[in-house]
Amino acid sequence: MTEVEAAGGRTIGRLEDRRWIGEERAAQLAELAARVRELTEAVVLTEVDSAEIAAVAEQVAALTARLNAARDQYPPMAAEGTNGMVRQLASPVTGRINPIAPPVTVTVCEGGVVRGEFTLNTVYEGPPGFVHGGVTALVLDQMLGLAAASGGVPGLTATLDMCYRRPTPYGVPLTVEARVTRTEGRKTFAEAHVLAPGGKVTVEATAMFVRPLFQLPQGTGASERN
Ligand SMILES: CCCCCCCC/C=C\CCCCCCCC(=O)SCCNC(=O)CCNC(=O)[C@H](O)C(C)(C)COP(=O)(O)OP(=O)(O)OC[C@H]1O[C@@H](n2cnc3c(N)ncnc32)[C@H](O)[C@@H]1OP(=O)(O)O
């Protein structure tokens with residue numbers, strides 16, 4: 001596969017530089033990421049005393065050092081999913097090995113709808129009691145991009161327009177649905193929304209993706225499962 005370069009010659013990614021990891025290791029890292037997500041929320045919510053906070057900080061630093069004993073400079077990929085798309089295991093949205101990803105579980109449905117299921121915890125709070133709007137924008141951008149990749153032309157986000165209808169609650173199951181509305185040459189237009197329990201739309205988004213002129217690696221993107 002050829003090197004992928006952005007305008008100006010900056011290398012943005014070479015799939016052959018990535019480690020390709022199997023199901024067993026991906027599942028093990030996903031388990032670790034799940035524990036780190038719990039840790040992250042515990043940090044935000046803890047009420048233990050300051051001596052205990054200092055002791056835990058020391059232990060966490062030691063654990064980080066253990067993981068860094070052998071580390072790569074790029075996140076790993078996993079073997080191809082269906083649709084011939086590479087699974088970006090460390091996506092900040094769908095990547096189950098990435099502790100900052102909720103993660104969103106994605107399904108490509110009949111009729112070109114790409115559906116994501118996820119729950120956000122208190123770590124993602126924006127206005128008190130509700131999800132940060134930048135977090136729903138992140139999720140919507142990814143889902144719109146996946147819709148473009150699976151039903152249109154894969155590309156980079158050129159525009160992303162958000163419309164926040166209602167506050168999005170955290171701690172409850174949320175659904176996001178995205179689909180392509182049209183394609184024009186290198187441009188793919190898509191729309192998406194977030195649904196709270198009961199089916200109320202909380203956020204709507206539209207986006208345009210442009211296939212860049214530099215060569216994209218075959219199958220770059222994420223599949224319907226990570
Ligand atoms: C190793 C990875 C490789 C990439 C993998 C992609 C595959 C995806 C697969 C799976 C998806 C997974 C999910 C991902 C979801 C998350 C996506 C992100 O987070 S993307 C990061 C944020 N976005 C950027 O960083 C873009 C920065 N911008 C650019 O790089 C350029 O501006 C780009 C590529 C968008 C367009 O640049 P030009 O030089 O190729 O094209 P020009 O000639 O400027 O525009 C082409 C047409 O588009 C219009 N256009 C471009 N930008 C526009 C804009 N902002 N507003 C309106 N129109 C725009 C132009 O007017 C033109 O239209 P006319 O052909 O004349 O009709």
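In what sense, parallel or antiparallel, do strand 7 and strand 10 pair, and over how many bridges? Strand 7 (residues 156-164) pairs with strand 10 in the antiparallel sense, over 8 bridges. Two strands count as paired if DSSP finds at least two bridges between them. This is a predicted model, in which local features need pLDDT of at least 70 and side-chain atom pairs count only at pLDDT 80 or more, while totals for chains, interfaces and linings use all residues. Residues are numbered from 1 along each chain as its sequence is written.

**View 1. The protein chain as a whole.** The secondary structure comes to 3 helices and 10 strands. Helices (H or I, at least four residues) and strands (E, at least two) are DSSP runs, numbered from the N terminus. In order from that end, the elements run β-β-β-α-α-β-β-β-α-β-β-β-β. The chain has 226 residues, of which 27% count as buried; a residue is buried if 20 or more other C-beta atoms, placed from the backbone, lie within 10 Å of its own.

**View 2. Confidence along the chain.** The mean pLDDT, the predictor's confidence in each residue from 0 to 100, is 88, and 85% of the residues reach 70 or more. Over residues 1-11 the pLDDT is below 50, and this stretch has 22 contacts in the model beyond near neighbours in sequence. Two residues are in contact if their C-beta atoms, placed from the backbone, lie within 7 Å. Residues 221-226 also stay under 50.

View 3. Strand 9 and strand 10 pair in the antiparallel sense over 9 bridges. In strand 10, Glu 204 is the bridge partner of Cys 163, and His 193 stands opposite Glu 204 as well. The hairpin of strand 9 and strand 10 has 5 residues between the strands, and there Gly 198 takes a positive phi near 95°. Most residues other than glycine have a negative phi.

**View 4. Val 194 and its surroundings.** Val 194 lies in strand 9 (residues 187-195). Val 194 is buried because 25 other C-beta atoms lie within 10 Å. Leaving out residues up to four places away in sequence, Val 194 touches Thr 136, Leu 140, Thr 168, Leu 174, Val 176, Thr 202 and Val 203.

**View 5. The largest nonpolar core.** A nonpolar core is a set of buried Ala, Val, Leu, Ile, Met, Phe, Trp, Tyr and Cys residues joined through C-beta atoms within 7 Å. The largest one has 29 residues, and Leu 140, Met 143, Leu 144, Ala 147, Val 176 and Ala 178 touch the most other members. Helix 3 (133-151) is among the elements that each supply at least two residues, and helix 3 gives the most, with 8 residues. Apart from residues up to four places away in sequence, Met 143 touches Val 114, Gly 116, Val 176, Ala 178 and Ala 192.

**View 6. Helix 2.** Helix 2 (residues 50-68) has 19 residues, which at 1.5 Å a residue should span 27 Å, and its end C-alpha atoms are 27 Å apart, in agreement. The expected span is 1.5 Å times one less than the number of residues. Helix 2 is hardly covered, as the count of buried residues in it is 0.

**View 7. A cis peptide bond.** The bond from Pro 102 to Pro 103 is cis, with omega near -15°. Pro 103 is in the loop between strand 4 (77-78) and strand 5. Most peptide bonds are trans.

Technical notes: A residue is buried if 20 or more other C-beta atoms lie within 10 Å of its own, exposed if 12 or fewer, and partly exposed in between; C-beta atoms are placed from the backbone.
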